[in-house]
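Please open the model in your viewer and keep a selection panel at hand. The tour below moves from one selection to the next and says what is found at each stop.

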Amino acid sequence: MIDALFQVGTLSMPVAMWLTIAVILAAIVLFSTELVSLEIVALGVLVLLMAIGLLAPDTQLTTESLLAGFANPALLTIIALLVIGQALFQTDALGGITKAFERLWPRHPSRVIPIILIIAGISSAVINNTPVVVMFIPLLTAVAARRKLATPKIMMPLSFISILGGMTTLIGSSTNLLAAGIALSYGVTIDFFAFTVPGLFMAGVGAIYVIFVMPHILPSRMNEKGQEVQARNLQFITEIRLYDGHPLIGEKTVAGMFPKFTKMTVRAVMRGYERYVPPFEDMTLRAGDVLILAATRDQLTDALKEWRAFDNPRISEDQDGPTDHGIVLCEALVPPGSRLINNGIDQRGFLSQHGCLILGIERRSRMPRESLSEIRLDAGDVLLIAGRSSAINNLRGQQDVVVIEWSASEVRPHRFASRAQLIFAATVAAIATGIVPIVFAAIAGAFAMLAGGCLNVRQATRAIDRRIFLLVGSAIAMSTALETTGGAAMIADVTAMTLSNVSPAMVMSLTFLIVAILTNFLSNNATAVLFTPIAISTAQAFGLDPLPFVVAVILGANACFATPIGYQTNLLVMGPGHYRFKHFFIAGIPLILIVWIVFSIVAPIYYGV
């Protein structure tokens, strides 16, 4: 009965092709307008394409082929690299490099980002784009976190400038090598610097847009839901006791201030029964001193990590799992009726009862100069608390404090930084040299980070963005359906017919533009494979050298700036930057137009077409 029903409703190949194109166009519109959530659109696309495959058995569009994208090596590589990047960030493995960049321009930290982006672009000319972006994502994340820069303003520029750098040499991207291999089979040789001159012009002009214009287009701060949020700058009062061997012992004042505390405010120094307040004249810190500081949560966390206060914490050794060596920081509100009200902070009592330490207190009414034990708590005070994840979870059931759920974050001790650096270096070396497949290197690196205790499974899970998983899987399904139903071949044929009666220079320009548009929705490799033979045939029809026309295809296939599915590096930065589909449209389309105009001017002159 069911077989008979499907035989009655069997679709012909042309109908299946046009239905597939309609589904893809509808998906693109919904992705870009975000009228429906990305997850629903991605799943809806899969359902519709599977239905087309069932109704058109002649297309060989099977359910297995459509779902194969979720096991695609590129997708697994992206997920594994995101986990590795999360481990680097959690362990602060790039803290030394970050500080080195900061020291270049301490008074103008915004100059550090353009320098990093330019280095990434130059590196992409001789190294595949993917490992370059993998190397620079955690570095930019660390610089942005330390300098309070908006991550969404720098992650997409990193991907775009690496793509631009990859346009300058034959080995700049896998697309270049693939198209050159196809061209060679038709007798056209593409050497290492065949498109370096037009590529440099495009990369140079594009870099100006990426570095100086795009940050003004992109959003400031985004949460995981893609919504713009404002940074919080609440200041906590905390105390630092200088025990024997503390790195701050011996620090001297300069002009009444301590140079080590440029990002914090030293409210007082307690020495025995004496309290010293600023300005501090000719004071040298010594063992036994207690510093009363005012700092934001991020500043305090960075300082405690630098002073290695988290390496041997006075916190309960109960661990949440065998690899949970990290410490969770959270903020907790003192509610009305709490037993803590009108009492000073009893660290020993709180530690023995809850297994946590109170690092600081945020009070909006005034900024006290007393030590934490002397500050009488009021209803509405916010406490900054550190403890193992299991201890923080137990706090959620207490009535004396109310844990603010969104405030929890994990801090990794420095002793894992060198281990994470070694694993990361080995992973990048394996990817760059090609001694093993990139997917193997990435998954092995993620496994090593987990097995080595650089991060736990919970942190690794948070690094995986479900939107990327569904977006890549559905995008590969759309590309498979378009090729299987004949839609890709039809588009290529129509393009060849349309360009048959125009000048050679215009043919190059239009070829670039058409390929640049399609590469954002098809696989860039698939686009290059489809259009390289067409470009060679078109050049032969004009009686011209096929090289410039193949170059138009290569460079056009690299212009994948308008969608996150256009290129692998776009997907890599989508999670860290918390981008939506529309952000790539808004920032990427102008860049496509820029490189197209530059190519249309420079390439015909350089190749004499």
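Begin by selecting Phe160, Phe561, Tyr579 and Phe584, which together form one aromatic cluster, where rings of Phe, Tyr and Trp (its six-membered ring) pair if their centres lie within 6.5 Å, and planes under 30 degrees apart count as stacked, over 60 as edge-to-face and the rest as tilted. This is a predicted model, in which local features need pLDDT of at least 70 and side-chain atom pairs count only at pLDDT 80 or more, while totals for chains, interfaces and linings use all residues. Residues are numbered from 1 along each chain as its sequence is written, and side-chain values use heavy atoms, with hydrogens and water left out.

A search of the whole structure finds seven aromatic pairs. One of them joins Tyr579 and Phe584 edge-to-face, with 5.7 Å from centre to centre and 75 degrees between the planes. Both Tyr579 and Phe584 are buried (under 20% relative accessible area, with exposed over 50% and partly exposed in between, for a 1.4 Å probe and protein chains only).

Next, select helix 9, residues 152–166, whose 15 residues reach 22 Å from the first C-alpha to the last, close to the 21 Å expected at 1.5 Å a residue; the expected span is 1.5 Å times one less than the number of residues. Helix 9 is mostly covered, with 14 of its 15 residues buried.

Finally, go to Glu251, in the loop between strand 1 (235–241) and strand 2 (265–271); helices (H or I, at least four residues) and strands (E, at least two) are DSSP runs, numbered from the N terminus. Glu251 is buried, at a relative accessible area of 14%. Leaving aside neighbours within four places in sequence, Glu251 is in contact (heavy atoms within 4.5 Å) with Phe258, Pro259, Lys260, Met283, Thr284 and Leu285. The C-alpha atoms of Glu251 and Leu285 are separated by 5.4 Å, although the two are 34 residues apart along the chain.
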